[in-house]
Amino acid sequence: MTRLLHFSDVHFQDPVWSVPMRDLMSKRLVGAVNLWLHREKLFRSVPEKLDALDRFRKEQAVDAVLCSGDFTALGTESEHKVARAAMQRFLDAPGGLAVVPGNHDLYVRGNLEHTRFGRHFADLLSTDCPEHAVDGPYPFVRLLGDRLAIVGLNSARPNLMPFVSSGIIHRSQLEQLVKILDECHDRLCVVMTHYAPLTQGGRPDAPHHGLDNAGELLSICARPNVMLIHGHIHQRYFHKATHARPWLFCAGSVTHQGREGLWVYDIEGQQVRATPGVFGGADYRLQPELAVEFDWRQS
């Protein structure tokens with residue numbers, strides 16, 4: 001059996017007063033005001049919760065760790081530095097740690113120049129199939145054993161408009177995703193990106209907040225051997241596979257006060273058991289009564 005831990009939307013944050021004025025002369029100004037008025041109090045305990053998450057990970061004997069983005073709140077240099085240091089502990093999992101960026105990590109255009117997320121997290125974006133990496137390091141592929149593949153897609157982008165946080169997966173990545181899924185037809189492919197193709201209610205997200213080409217991603221991934229995992233929406237949920245989409249799992253936010261969530265995926269042969277996890281005030285725990293199971297060859 002292989003056990004995967006999936007969490008998302010950690011949101012390490014700088015105190016607003018400590019952000020250099022030059023960094024606020026952009027879309028970050030609106031984000032900083034929102035952080036000061038509302039979000040800051042929801043993410044005050046991120047370091048303590050990451051400590052608890054690491055204890056949980058070790059207690060559950062997790063084989064590999066997956067984080068689907070939004071390590072930071074405003075995408076500043078210091079937030080990236082702290083977040084990357086905090087992730088270091090998960091690298092000692094047997095299958096290591098795989099990550100993709102979220103919209104907060106690519107908050108403004110300067111973050112695309114390999115000065116922030118790319119510089120701090122580059123070593124976590126390695127691939128076993130470099131011939132498919134066409135958009136920087138994406139898509140990357142991690143092969144775990146002979147029956148499992150982790151595929152990382154970047155759906156985040158900087159948005160210049162203050163109240164727009166939509167994403168897109170570039171066509172070059174999607175074209176390679178088709179090739180990867182064809183090549184890995186005999187493996188369970190866990191495709192990870194940040195944005196939610198569907199909301200908890202099963203509808204496309206709002207245009208200013210969602211994934212522009214969600215329908216195309218769902219269509220490409222509508223194969224029995226694919227499950228699609230993501231974050232972005234701070235509420236844990238899942239959707240069963242249909243003929244038009246794969247199994248979908250949203251991890252929510254692992255640190256958002258009152259909404260802390262995660263998933264643990266147990267893969268044994270053709271069976272997948274997805275068990276949600278919750279924060280109990282001091283520690284994370286599984287909720288086996290809410291687990292879902294499926295056969296990845298027949299779903």
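I began with Arg55, which counts as partly exposed at 39% relative accessibility; buried means under 20% relative accessible area, exposed over 50%, and partly exposed in between, with a 1.4 Å probe and protein chains only. The model is predicted, so I kept its rules in view: local features need pLDDT of at least 70, side-chain atom pairs count only at pLDDT 80 or more, and totals for chains, interfaces and linings use all residues. Residues are numbered from 1 along each chain as its sequence is written, and side-chain values use heavy atoms, with hydrogens and water left out.

Which residue forms a salt bridge with Arg55? I found Asp283, with the closest N and O atoms 3.0 Å apart; a salt bridge here is a side-chain nitrogen of Lys or Arg within 4 Å of a carboxyl oxygen of Asp or Glu. The pair links distant parts of the chain, since Arg55 is in helix H3 and Asp283 in the loop between E11 and E12, 228 residues apart. Helices (H or I, at least four residues) and strands (E, at least two) are DSSP runs, numbered from the N terminus. Asp283 also counts as partly exposed, at 38% relative accessibility.

**Other salt bridges**

I noted a count of 14 salt bridges by this rule. One of them joins Arg119 to Glu77, with the closest N and O atoms at 2.8 Å. Arg119 lies in helix H5 (residues 117-121) and Glu77 in helix H4, so the pair ties together parts 42 residues apart in sequence. Arg119 is partly exposed, with a relative accessible area of 45%, and Glu77 is partly exposed at 27%.

I also looked up Glu293 and Arg273, whose closest N and O atoms are 2.4 Å apart in a salt bridge. Glu293 is in strand E13 (residues 292-295) and Arg273 in strand E11, so this pair ties together parts 20 residues apart in sequence. Arg273 counts as partly exposed at 29% relative accessibility. A network of salt bridges with shared partners joins Asp54, Arg57, Lys58 and Asp92.

**Helix H3**

I checked the length of H3 (residues 46-59). Its 14 residues should span 20 Å at 1.5 Å a residue, and its end C-alpha atoms are 20 Å apart, which agrees; the expected span is 1.5 Å times one less than the number of residues. The buried residues of H3 are Val46, Lys49, Leu50, Ala52, Leu53, Asp54, Phe56 and Arg57. Their cover includes strand E1 (2-7), strand E2 (64-67), helix H4 (77-87), E10, strand E11 (271-279) and strand E12 (284-286). After H3 comes Ala61, which has a positive phi near 50 degrees.

**Glu260**

I then turned to the loop between strand E9 (247-250) and strand E10 (261-268), where Glu260 is found. Is Glu260 buried or exposed? At 10% relative accessibility, Glu260 counts as buried. Beyond its neighbours within four places in sequence, Glu260 has contacts (heavy atoms within 4.5 Å) that include Lys49, Gly277, Phe279 and Tyr284. The side chains of Glu260 and Lys49 make a polar contact at 2.6 Å. A polar contact is a pair of N or O atoms within 3.5 Å; within protein, one must be able to donate a hydrogen and the other to accept it, and residues adjacent in sequence count only if both atoms are side-chain atoms.

**Strand E11**

I found E11 mostly covered, with 7 of its 9 residues buried. E10 and E11 run antiparallel and are joined by 8 bridges; two strands pair if DSSP finds at least two bridges between them. They form a hairpin with 2 residues between them, and Gly269 in the turn has a positive phi of about 60 degrees. E11 also pairs with E13 in the antiparallel sense over 4 bridges, and 3 bridges join E11 to E12, again antiparallel. In the E11 and E12 hairpin, with 4 residues between the strands, Gly281 takes a positive phi near 105 degrees.

**Strand E6**

My last entry is strand E6 (residues 188-192), where 5 of the 5 residues are buried, so E6 is largely enclosed by the rest of the structure. Leu188, Val190 and Met192 are on one side, with Cys189 and Val191 on the other. Strand E5 (residues 148-152) runs parallel to E6 over 5 bridges, and strand E7 (residues 226-230) pairs with E6 in the parallel sense over 4 bridges.
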